[in-house]
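Dear colleague,

Please find below the structure that I am handing over to you.

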Protein chains: 2
Amino acid sequence: MSSAVDTYIERSHDRFLQELKAFLSIPSVSTLPDHKPDVERACGFVAERLRAAGIENVERIPTAGHPLVYGEWLKAPGKPTVLCYGHYDVQPPDPLGEWITPPFEPTLRNGNLYARGAADDKGQMYIHVKAAETLLTTQGRLPVNVKFLIEGEEEVGGRAVDRYVAENPAKLRSDVALVSDTEMFAPGLPTLCIGLRGMVYTELIASGAAQDLHSGIFGGAAPNPLLGLARIISQLISPEYRVQIPGFYDDVAAPSPEEKESWARLPFDEAEFLREKVGSPALVGQQGFGVLERLWARPTLEVHGIVGGFMGEGAKTVIPAKASAKVSMRLVPRQDPQKILAAFQKEVERLTPRGLRVEVKALSTAQPVLLSPSDPFIQAGAQALRETFQRPTVYVRGGGSIPIVARIRESLGIPVVLMGFGLPDDRLHSPNEKFHLPNFFAGIRAVTRFWENLSEG
Amino acid sequence: MSSAVDTYIERSHDRFLQELKAFLSIPSVSTLPDHKPDVERACGFVAERLRAAGIENVERIPTAGHPLVYGEWLKAPGKPTVLCYGHYDVQPPDPLGEWITPPFEPTLRNGNLYARGAADDKGQMYIHVKAAETLLTTQGRLPVNVKFLIEGEEEVGGRAVDRYVAENPAKLRSDVALVSDTEMFAPGLPTLCIGLRGMVYTELIASGAAQDLHSGIFGGAAPNPLLGLARIISQLISPEYRVQIPGFYDDVAAPSPEEKESWARLPFDEAEFLREKVGSPALVGQQGFGVLERLWARPTLEVHGIVGGFMGEGAKTVIPAKASAKVSMRLVPRQDPQKILAAFQKEVERLTPRGLRVEVKALSTAQPVLLSPSDPFIQAGAQALRETFQRPTVYVRGGGSIPIVARIRESLGIPVVLMGFGLPDDRLHSPNEKFHLPNFFAGIRAVTRFWENLSEG
């Protein structure tokens, strides 16, 4: 069978590529109202391609935002059900002038397909569709039951899909979810992402005087909300990057010695990371932890913006009545966002300088995610990747939060296999985004193998 | 003579008021390009009124910005020369909806003349013009030599006049300057302002990574310029409001015991100040100093704005590559702005966290000003006010900086008599600005007496 699959994929090479190019030619930029017809077009493309592949009950699900696409193939009784998630919307292409070839005219150069959305996530999402087609065509069936749920507003927050998953657990009930929206740690290195940090994102709103005041007339007696925020923020985290909120680290689960050991074996060069990826005079962070551990398994606190007072060119001597700051914390397994938020609020209150009031608003929270390498679904994924790429699969984590992953875990209670085929230099969200074309075809093979493995497991 | 002067002022009451209303009807908003013709019209009005009063060699002096008006009367050989400064431009009137009567339709209510610029500074500036007219008409001469220098861009920084004074010390050579652009401490209380704080206004520009980074992917290893600025700023000033820059207080000259004693006798109610003027939960500032001393005679450090990262609605998880902060220090007598700036720069460098670069830009500096109550020109002013208002003159300071005052002292080396006739509730720069009309006429009497006193001194 494997040989029939491989042969089909090989013979379909040009057609699959043409289809992917057609998909990437649709500028489905979800954040720009002008592109709403394009987003609809991309939605229609996905639905039509799912139907053509043999997926059943394909429907366009309207939402308050952009529509979802759902489809299913449920004719493998007794076999596991896999929920395949992806998104058909893309980031805006700006700055246009920096693209070597236009963002919506997909172009092949040196084995890479250049286009907005090539890797994030149209190219990766389409892998699932072509895997289904390949098996349904060559075998007349899928080895497992499959449900597709594909959204059109991942790049603008994914509210509709979040709500849909929360409200339709019975319809979406599955044994495992498959998400291809991450990357391989290095070219040719099969990678499963088994952990994601969680998050608490807040806004601190500090108020002092009843109106903006002149610092000449009132400086020395009136409280300054900007100074107050600076003082609060710089006390929330020590100069050694230890978060100072009481109890903050209480529930932190350290990675296992095996996991840490596996990270040490990854092809990671700290000097290169500093030089190529960050570009600052030095890296920073908590002492006693390696860079990957700091990025993946340590919680952090960051300030993203401070608003208030005078933000124009030149000089204005205002003591603002009000100022606000966006402050977030990344959380790691066993930390509970609600508990951390409560401790944060309490500490901000304690640190609030005399003369000011500070309100803490929670803008969003996300649970951290951690899957075990010994989970049978993870093992089935790792085996499929190893078979495809002929190298042992490495387990990594991601430092960010993928809200849909936390949502699936919370509402459906199932493991999520983050099987990504992107590469670290794919330039997601930037000009000249690309997808390494061999990974597209390897991805199709890997997903068919993953489903086969699940069926046999 | 005094009686002839008083009679003339009394008989001219209606005409003076009509003239002032005509002046206030010109919307000479210096910051708005659309109002350039109005600014020109106000300039012409001033020149024409000076000529009509009998002032000689009146000229419109073009500058890179709005024009200056110069005029002189130099026929009192052996007598002192007084340089009268004022400005004919006004602040924008927004928000228009909050004005009870339109800002450029001067309206008399309860003895107050409501209009933009009524107190700041058209009404006060016009006092000098009418004082000259009164004496030249009733006496045929002025008791002293007088030079007028009136600018049209005080509300936008006063660059042209600053440059003109610096470049024309011979033409402007005088024995004392008279500025009526401040206020009386309380209604009916004759007030001379004898001190102003100086200033150093800076911008701190902090850079970390080569580009904006995602806090999920890089949080825990990449430096955050916003956090760095918060840390630097909150270390520059202690929670007890002591500026922590080494040597910052070395040259601070404390007010004399007599001056402090005189402040204690001023009609100042701290609770009312907090409630009516500030409106924050509490006043703040350095322990061991009264509110007036903190506002007038203690240096401060304030942050006016912090720019960088995400400043929109909602949540974005960016670690900005760059962020900047506007930080100023108010200085008091004997502190040298250049020395303070150098110490500030050095301390910011010392406080710069690992992983960041911070550049300090000086946007402006101003010398602090302090005049002695025993200076004969100050005494002549105090006596004129006492005679006019029939109460002893109080000496106060101002917490702000009036750059032209520091410039006159630096370039011409003369004392500046800050004889203000505004009141604390005149709402400068705000809707419903007004000038207490009795103060306009009292001002004319006071200025004629000041010139007489100088002549006799």
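**Contact between the chains**

In this predicted model, the contact draws 63 residues from chain B and 63 residues from chain A. On the side of chain B that touches chain A, the elements that give two or more residues include the helices α7 (215-218), α8 (225-236) and α11 (291-296) of chain B. The strands β11 (300-307), β12 (318-319), β13 (322-331) and β14 (357-366) of chain B also belong to that list. The largest share of this side, 7 residues, is given by β11(B). By residue type, the side of chain B that touches chain A consists of 30 nonpolar, 23 polar and 10 charged residues.

**A sheet in chain A**

I would also draw your attention to an open sheet of 3 strands in chain A, in the order β4-β5-β18, with antiparallel pairing. Its edge strands are β4 (107-109) and β18 (434-436) of chain A, each of which pairs on one side only. From one strand to the next, the twist averages 25°.

Strand β4(A) is joined by 3 bridges to β5 (residues 112-114) of chain A, and the two run antiparallel. Within this pairing, T107(A) has Y114(A) in β5(A) as its bridge partner.

Two helices of chain A accompany these strands. Helix α4 (residues 118-139) of chain A packs on the sheet and touches β5 and β18 of chain A; its direction makes about 50° with that of β18(A). Helix α15 (residues 437-456) of chain A lies across β4, β5 and β18 of chain A, and α15 runs at about 60° to β18(A).

With kind regards

Note on methods:
Residues are numbered from 1 along each chain as its sequence is written. Chains are lettered from A and ligands numbered from 1 in the order in which they are written. This is a predicted model: local features need pLDDT of at least 70, side-chain atom pairs count only at pLDDT 80 or more; totals for chains, interfaces and linings use all residues. Two strands pair if DSSP finds at least two bridges between them. Helices (H or I, at least four residues) and strands (E, at least two) are DSSP runs, numbered from the N terminus. Axes are lines fitted to C-alpha atoms, for helices over the stretch in contact, and angles run from 0 to 180 degrees between N-to-C directions. Two residues are in contact if their C-beta atoms, placed from the backbone, lie within 7 Å. Ala, Val, Leu, Ile, Met, Phe, Trp, Tyr, Cys and Pro count as nonpolar, Asp, Glu, Lys and Arg as charged, and the others, Gly among them, as polar.
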